[in-house]
2 protein chains.
Amino acid sequence: MRKIAVVGIGQTKSGEHWGSSLRDLAKEAGKAALQDAGLNPQALFVGNMSAGRFAGQEHLGALVADTLGLRVPSTRVEGACASGALAFRKACLAIASGRYDVAMALGVEKMTDLPTEEAVTSLMAAGDQEQEASVGLTFSGVFALIANLYMNRYKLSREELALIPVKNHKNGVNNPYAQFNFEVTVDDVLKSPLIADPLRLLDCSPISDGSAAVVLASEAFARQCKDPVWVLASEQATDALALQNRKDLCTLGSVVQASKEAYARAGLAPKDIDLVEAHDCFSIAELLAYEDLGFSEKGWGKELLISGEVCIGGSIPFNPSGGLKLGHPVGATGIKQINEVVKQLRGCAANQIRGARTGMTQNLGGSGATAVVSIFRGDA
Amino acid sequence: MRKIAVVGIGQTKSGEHWGSSLRDLAKEAGKAALQDAGLNPQALFVGNMSAGRFAGQEHLGALVADTLGLRVPSTRVEGACASGALAFRKACLAIASGRYDVAMALGVEKMTDLPTEEAVTSLMAAGDQEQEASVGLTFSGVFALIANLYMNRYKLSREELALIPVKNHKNGVNNPYAQFNFEVTVDDVLKSPLIADPLRLLDCSPISDGSAAVVLASEAFARQCKDPVWVLASEQATDALALQNRKDLCTLGSVVQASKEAYARAGLAPKDIDLVEAHDCFSIAELLAYEDLGFSEKGWGKELLISGEVCIGGSIPFNPSGGLKLGHPVGATGIKQINEVVKQLRGCAANQIRGARTGMTQNLGGSGATAVVSIFRGDA
């Protein structure tokens, strides 16, 4: 396959954008990425989970092309909360095919126009409507089931699990795109309202509006740009949609498979990765990622937390940007993660990891029925 | 780019499938295509417009993979009523990239679980929510605006426009997958209830449940299959989402552009095409297609109707299957069209066009903000 690089990035702040429409958000992120790249895309891929429910608007491909004044083939791609990374991966395949040399992947979601209860119901459309939503399960409920089993089986304490949001809030203090810029303590997490036992408010990513975009180019075009960041691998895997049809709740099989394939394509191992932007939609999800991405044996992920290895300054920092905990505009999240890794590999991140050369993103759809794992390398 | 062929097809009957879920419909079409191909896909692309609104279910990629027992990367692709053709085209690009050799594109929509008024509102999410839906425009209204201007500018009579549904109902009488198997007369069309002046009930495609699938393969794999049908071109174009932002309402610019590119890639001209499965969501849309696909000068399309050239036995039969008029399960439609063309090029269609060797599909999203035009050639 042809070599591909990210040559432009852009994003909005995550948050409650009462004054901005879907169009406004996409325009802000898209224009920033186009300006950063200095290239005009020949194709556009739009990641969005549920504008049909959140805003009464499908056909997002045409909407975003319109908004950016791009008269190019434009396609919406959806895989629940992995929609962004899926759009990115389709853009990679489109360039790899030789049909295009420059493509844009843009994720956008406008979630706060619905009352919170309706937004929560809409988000459950990422799970199995017939087997999960219909019996009253919510997404915090899905991850609470996983957390309960994991805590019981692997003797993880509630305090240990709280170290994840504590770390991510600390990381996000300097992130100008984060929805929140305050630190929290273990005590704050344990005293925050119970959402779905054992998960509390500060274990959950927020409901966010936001958009993020990247411009991708084939090698010949990327060489003309400053600071190209090379896509060494972008792999995708699928597992059963409903939890009850999975082999094991404490392992996300799609993440294991996608990361194995990504490592193989990149010719790398976990020890070669300098940082990870991972899908911490709920605290437990980041802990599973330590293990399912191969940084720890199953059941031992908490050691990386306790020792500080996943903190900035540790051997494998997870979510130096603050992660989803500080903003999860679902269709944009996968591309927001890529923005953050690209900044790290360009050496200009808010929480710069010294000497970062190889970075990884991991984006989940639903409770892991879809996973995308990508590996990037800076040119420096 | 690598040569690609369709090596398997399958579809459900279009209709009101009260006893079938989204899963059931996808399973029936998918299993049929897999059996026809005799190959296992390495990737899956699911075309669906609005299961989030119609069935409370997003994440269709994982749902369909699950249903078919395929643990392969699976992605939902959406472009309103062009979702099916977009999924097909992404499958083509994925194979062209060299990453996969066999892929499946499957379209599915379950529309009849909502009351008709809610389904009509949901369908308008294919247009512009802010600029069109919010002022009360429906999709029949959108095409009625086009029809009024066209009839006035090019002196098309109401009776002449009615020849399109008359032809398509006649063509569909023998189609086992059609939602309706009865003929209608011009008088029937003119006496059917007014929906949006000048369009009447029999000018409109129905609300349908249904699914269709195709299996695609790279040349090396396709050569092992019986009756491969080669994809000579599959091109996509984008126009403004809202009618008011188009240059001209009587020409769908996206169709003109996509077809020009498709002819160029295939090295063919309109005279080389033996039949077309076109997007007759409303009668006027098929008339525009005669012209925008290059079979007639602008304003003269009706001559093809009056002379019978677009009928079976004419020089360029349009919708020998009966078209969308006899079933429009929106996310499945683009792939249903490909099923019909493949049957023609295999020589086994219900209304077989004698000597058919080269066929075309044209699939629209919304009122033409998205268009996909593909050209196929049989091996015989």
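**Reading a two-chain interface**

Guide: This is a predicted model. Just after helix H3 of chain B, Gly69(B) takes a positive phi of about 65°.

Visitor: What area is buried between chain A and chain B?

Guide: The size of an interface is often given as the accessible area lost when the parts come together. Here the area buried between chain A and chain B is about 4,500 Å², and carbon and sulfur atoms give 46% of it. In residues, 58 of chain A are in contact with 58 of chain B.

Visitor: How many salt bridges cross the interface of chain A and chain B?

Guide: The rule finds 12. One case is Arg99(A) with Glu261(B), whose closest N and O atoms are 3.7 Å apart.

Visitor: Which element gives the largest share of the side of chain A that touches chain B?

Guide: That is H4(A), with 6 residues. By class, this side of chain A has 23 nonpolar, 19 polar and 16 charged residues.

Visitor: How do E3(A) and E3(B) run, parallel or antiparallel?

Guide: They run antiparallel, joined by 3 bridges. Arg76(A) has Glu78(B) as its bridge partner.

Visitor: Is Glu235(A) buried or exposed?

Guide: Glu235(A), in strand E8 of chain A, is buried, with a relative accessible area of 2%. A polar contact of 2.4 Å joins its side chain to that of Arg99(B).

Technical notes:
Residues are numbered from 1 along each chain as its sequence is written. Chains are lettered from A and ligands numbered from 1 in the order in which they are written. This is a predicted model: local features need pLDDT of at least 70, side-chain atom pairs count only at pLDDT 80 or more; totals for chains, interfaces and linings use all residues. Side-chain values use heavy atoms; hydrogens and water are left out. Helices (H or I, at least four residues) and strands (E, at least two) are DSSP runs, numbered from the N terminus. Buried means under 20% relative accessible area, exposed over 50%, partly exposed in between (1.4 Å probe, protein chains only). A polar contact is a pair of N or O atoms within 3.5 Å; within protein, one must be able to donate a hydrogen and the other to accept it, and residues adjacent in sequence count only if both atoms are side-chain atoms. Contact means heavy atoms within 4.5 Å. Buried area is the accessible area (1.4 Å probe) that two parts lose on being put together, summed over both. A salt bridge is a side-chain nitrogen of Lys or Arg within 4 Å of a carboxyl oxygen of Asp or Glu. Ala, Val, Leu, Ile, Met, Phe, Trp, Tyr, Cys and Pro count as nonpolar, Asp, Glu, Lys and Arg as charged, and the others, Gly among them, as polar. Two strands pair if DSSP finds at least two bridges between them.
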